Structure formats: C-alpha cells, structure tokens
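I want to look up a few things here and jot down what I find.

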Amino acid sequence: MRKRAALAVLTAVAAAAGFAVPGAYADDNVGDIQVDRVVVNGGKNIVVDTADKTITVSVTATDPSGIWDADFNLWRGPDGSDPYYSAEGLIDPNENTTPADCVASSSTTSTCSKTFTFEPDWWLTNADAGTWKVQAQVSANDGSYTDRWAYTTTRLQRHSKLTVNASPEPIAKGKTLTITGKLTRANWDTLDYRGYTNQPVKLQFRKAGATTYTTVKTVYTNSTGNLTTTALASEDGYWRWNFAGTTTTPAVPATGDFVDVQ
C-alpha cells in the first residue's frame, strides 16, 4: 500500500523542518556572504523510474569569515499558497533535517552538499513531474547568512522507454517495410510502465556505414503508446524511433533495428 499522506499538511511539515512557507517571507541576505552556484543532480534533469532515485544538491559559497552551514529545500507550487509540495518534508525527514556536508576549498569558500532520495513507492505521484524550485540557505561563521526561495529550478521527469521493430527481415529492394514500436514511461501511481499517448515520434533511418540518422516522417503514438507505419526498403541500414521528450518525460531514442535489403 502506498504511504503518501495528504499533501494539505505539507505546509506544517515544512515549517517543522525549519522552512517557512514560500511567499510568507521574502528572500533574505545579511552580511557579505556570496553564493557562487547551486547545482542539482550534476546539472541534469532528475529522471526517476519505478525505483528509488538519490540525487545531490550542492551550493558553493564564499564569506570572509568562512562558511559554517547550508541547507536546501526542493519544492513546487504557487508561492505562499496551496498546493505546496515540499521534498524536505516528504523525503525521509530523519535524513533531510540534518545539515548539509560542507567541504572547505579555502579559508573563505566551501561547497556544501546534501542528498535527496525520490521514492515512487512512498510519495511520488505522476502529478509531481515537472519543474521544481530549489531553496538554498547558507550561513557563515560570523553570523552572515543568505536565504533564497528559488535560487534555481530543476526538472523532475518520468523515465521513458522506446522500442522498434522493422519487418520483414531480410527484404527485397523496393518492397514495403512495416515499422512498429512502443513509447512508455514510468507510472509512479502504479509502479510500472504505461504507454505515453498522442506523442509525436520521429521515424529515422541510418544507412549502413553512415554515422547519422535522417528523419523520414513523424508518427503519433496511439491510445496505448504504440507506433506503426510503413516505408520502402531501398538499402541496408538501421531503422529507429526517436522521441524528443516533454517537460515531464525525457527524450529517448530506440536502439536501431538493422534491415538487410537484397
């Protein structure tokens, strides 16, 4: 049974973890502390399948007195109003209410990091896919601090898969090939993969010995995520489907299927 609680209480959960509700307080900065950069998941989108996914958030900051501590919150929703979804309150509170791990690169500069584990079998639902904001708090040894509610953003996406099959194989030159496939993506509500419907997917061909694919046509997935079309066989080569991705689902190419044309 899924353990996800009603999200209406997350405002209180986040407050208990030490974070105010976005919009309730403006960004704050005291002293001359400077944030150089905030990096989420190495600068890549967070792509989660049906298993747990752990990512790292880090901040590099500088202050003349040195950096003392830092913390982060991943959240989405309108500022200061419901729905307010806080990864800080949902992802293992025992782990994520602890301070970040800070490593000094000099007497004034440190990089502080913290991990978050996204758990589809506990709190993630399909509605959670999309853009998330990143709050960063950094404190210096002399009491200087900075707190910005949306220092940067990251994109949380449902992992995708794409298959292809071109037949018959082999085939006589000039005959008609049938190319099928299926586009699926992780379903966090059911913990399996389901067809991604009504999505444009490019059919591409790469002739034997070449290094790049050329787009032949665009086909839309049906109500179950399936793809089917035809093409004339003219020379040996590889056929594949290529999905460009959406805000909630990453791009994915199918592995090319080689067809011997005789």
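Is Tyr196 buried or exposed? I looked it up, keeping in mind that this is a predicted model. Tyr196 has a relative accessible area of 9%, so it is buried, since the cut-off for buried is under 20%.

Next I checked the aromatic pairs, and the count came to six. One of them is Tyr196 with Phe243: the ring centres are 5.8 Å apart and the planes sit at 80 degrees, so I noted the pair as edge-to-face. This pair links distant parts of the chain, 47 residues apart. Tyr196 is in the loop between strand 13 and strand 14, while Phe243 is in strand 17. Phe243 counts as buried too, at 2% relative accessibility.

Then I found Phe205 and Trp239, a tilted pair with 4.6 Å centre to centre and 45 degrees between the planes. Phe205 belongs to strand 14 and Trp239 to strand 17, 34 residues apart. Both are buried.

I also looked for charges over rings. Arg185 lies over the face of Tyr196, 3.7 Å from the ring centre. Arg206 has its charged end over the ring of Tyr238, 4.3 Å from the centre.

Arg185 turned up again when I went through the contacts of Ser160, which include Thr184, Arg185 and Pro250. Ser160 is in strand 11, and its side chain reaches the backbone oxygen of Pro250 at 2.9 Å. At 5% relative accessibility, I put Ser160 down as buried.

Last entry: strand 5. Nine of its ten residues are buried, so the rest of the structure largely encloses it. Strand 5 pairs with strand 9 in the antiparallel sense, over eight bridges.

Terms used: Residues are numbered from 1 along each chain as its sequence is written. This is a predicted model: local features need pLDDT of at least 70, side-chain atom pairs count only at pLDDT 80 or more; totals for chains, interfaces and linings use all residues. Side-chain values use heavy atoms; hydrogens and water are left out. Helices (H or I, at least four residues) and strands (E, at least two) are DSSP runs, numbered from the N terminus. Buried means under 20% relative accessible area, exposed over 50%, partly exposed in between (1.4 Å probe, protein chains only). A polar contact is a pair of N or O atoms within 3.5 Å; within protein, one must be able to donate a hydrogen and the other to accept it, and residues adjacent in sequence count only if both atoms are side-chain atoms. Contact means heavy atoms within 4.5 Å. Two strands pair if DSSP finds at least two bridges between them. Rings of Phe, Tyr and Trp (its six-membered ring) pair if their centres lie within 6.5 Å; planes under 30 degrees apart count as stacked, over 60 as edge-to-face and the rest as tilted. A charge sits over a ring if NZ of Lys or CZ of Arg is within 6 Å of the ring centre and within 35 degrees of the ring normal. Lists of a residue's contacts leave out its neighbours within four places in sequence.
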